[in-house]
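Morning, everyone. Please have the sequence and the model open while I talk. I'll go through it piece by piece.

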Amino acid sequence: LFILGILKQQDAHGYEIKKKLQEWGVENWANLNWSSVYHALRRMEQEGLIEKQKIVDNRGRPAKDVYSILEKGEQEFYHLLRKTCVKVTVEKNPIYIALMYLHELPNEEKVSLLRRRLETLQSIQKQVQQKKKDMEANSGRHDEVLFALNRDVSQRKADIEWTKTLIEHY
C-alpha cells in the first residue's frame with residue numbers, strides 16, 4: 001500500500017521510495033523496512049501492478065530504474081486502502097508472555113530488566129517525537145503521516161506508563 005501510494009503520487013526509483021519511508025518514519029508503525037523495498041518493487045512488477053523504465057542520468061551516473069504505477073496497480077492501491085482502513089489488529093507483544101513468568105526471577109533482576117525495557121521505550125519515543133517535530137517544521141507534509149506518528153507516540157506513552165507501573169509493583 002505504501003509503495004503503491006508513493007507511485008500513485010509520482011514515478012519514483014527505489015531510493016526515493018526508501019527516503020520517503022525513512023522521512024515519514026514508516027518503519028516505526030508498519031511492516032516495511034529499507035531492505036524490503038526493492039523486493040516489493042520486483043514482486044509488484046511481476047504482478048503487473050507497476051512498470052520499470054531505465055532513466056539515464058546525463059551526468060555520467062548509472063541508469064536508474066524508475067517505476068510507474070499501472071492501472072492494475074491503481075486498482076490494487078484502492079483495494080488495499082479500503083481494506084486497511086477497516087482492519088483492526090490486536091497487538092501481540094512478547095512482554096505479555098514474559099509477564100506470566102516474571103515471578104520466576106528475583107525482584108532485583110525483574111526491576112533491572114524492566115528498567116532496560118523502559119529506557120529502550122523512552123529512547124524510541126524521543127526518536128519518533130524528533131521525527132514528528134522535523135516533519136511539522138517542513139511545510140507541505142501530509143497531515144495523515146503526522147496522525148500516524150501521533151498514534152505511535154500515544155501508544156508508546158501508554159507502554160512507558162505501564163512499564164513504570166510494573167517497576168513500581170516490584
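Let's start with R43. At 39% relative accessibility, R43 counts as partly exposed. That label covers the range between buried, under 20% relative accessible area, and exposed, over 50%, using a 1.4 Å probe and protein chains only. Which residue does the side chain of R43 meet in a salt bridge? It is E47, at 3.4 Å, N to O. A salt bridge here is a side-chain nitrogen of Lys or Arg within 4 Å of a carboxyl oxygen of Asp or Glu. E47 is partly exposed too, with a relative accessible area of 36%.

Some ground rules before I go on. This is a predicted model, where local features need pLDDT of at least 70, side-chain atom pairs count only at pLDDT 80 or more, and totals for chains, interfaces and linings use all residues. Residues are numbered from 1 along each chain as its sequence is written, and side-chain values use heavy atoms, with hydrogens and water left out.

Now, confidence. pLDDT is the predictor's confidence in each residue, from 0 to 100. The protein averages 89, and 93% of the residues score at least 70. Among the elements, helix α4 (residues 71–86) has the highest mean pLDDT, 96. Helix α2 (residues 14–24) has the lowest, 85. Helices are DSSP runs of H or I, at least four residues, and strands are runs of E, at least two, numbered from the N terminus. Where pLDDT is low, the predicted coordinates should not be read in detail.

Back to salt bridges. The structure holds 7 of them. Another one joins the side chains of E45 and K52, at 3.9 Å, N to O. E45 is partly exposed, at 27% relative accessible area. K52 is partly exposed as well, at 38%.

Next, R156 and D152. Their side chains meet in a salt bridge of 2.9 Å, N to O. Buried or exposed? R156 is buried, and so is D152. They sit 4 residues apart in helix α7 (residues 143–169), so about one helical turn separates them. As for networks, salt bridges that share partners join E45, K52 and D65 into one.

Stay in helix α7 for Q155. Q155 is partly exposed, with a relative accessible area of 43%. Q155 and E168 are 13 residues apart in sequence. In space they are 20 Å apart, C-alpha to C-alpha.

Now look at α2. Its buried residues are G14, I17, K18, L21 and W24. Seen down the helix axis, they fall within an arc of 140 degrees, so they line one face of α2. The arc is taken from the directions from the helix axis to the C-beta atoms. Just after α2, G25 takes a positive phi of about 70 degrees.

Aromatics next. How many aromatic pairs does a search of the whole structure find? It finds 1. F77 and Y78 form it, edge-to-face, 5.1 Å centre to centre, with 75 degrees between the planes. Rings of Phe, Tyr and Trp (its six-membered ring) pair if their centres lie within 6.5 Å; planes under 30 degrees apart count as stacked, over 60 as edge-to-face, and the rest as tilted. F77 is buried, at 12% relative accessible area. Y78 is partly exposed, at 32%.

Last stop, the surface. L1, Y78 and L81 make a nonpolar patch of about 220 Å². L1 lies in the segment before α1 (2–9). Thanks, that's my tour.

Key:
Patches are made of residues with over 30% relative accessible area and no salt bridge: like charges are joined within 9 Å, nonpolar side chains (Val, Leu, Ile, Met, Phe, Trp, Tyr) within 5 Å. Accessible areas come from the Shrake-Rupley method with a 1.4 Å probe; for residues, only the protein chains shown count as cover.
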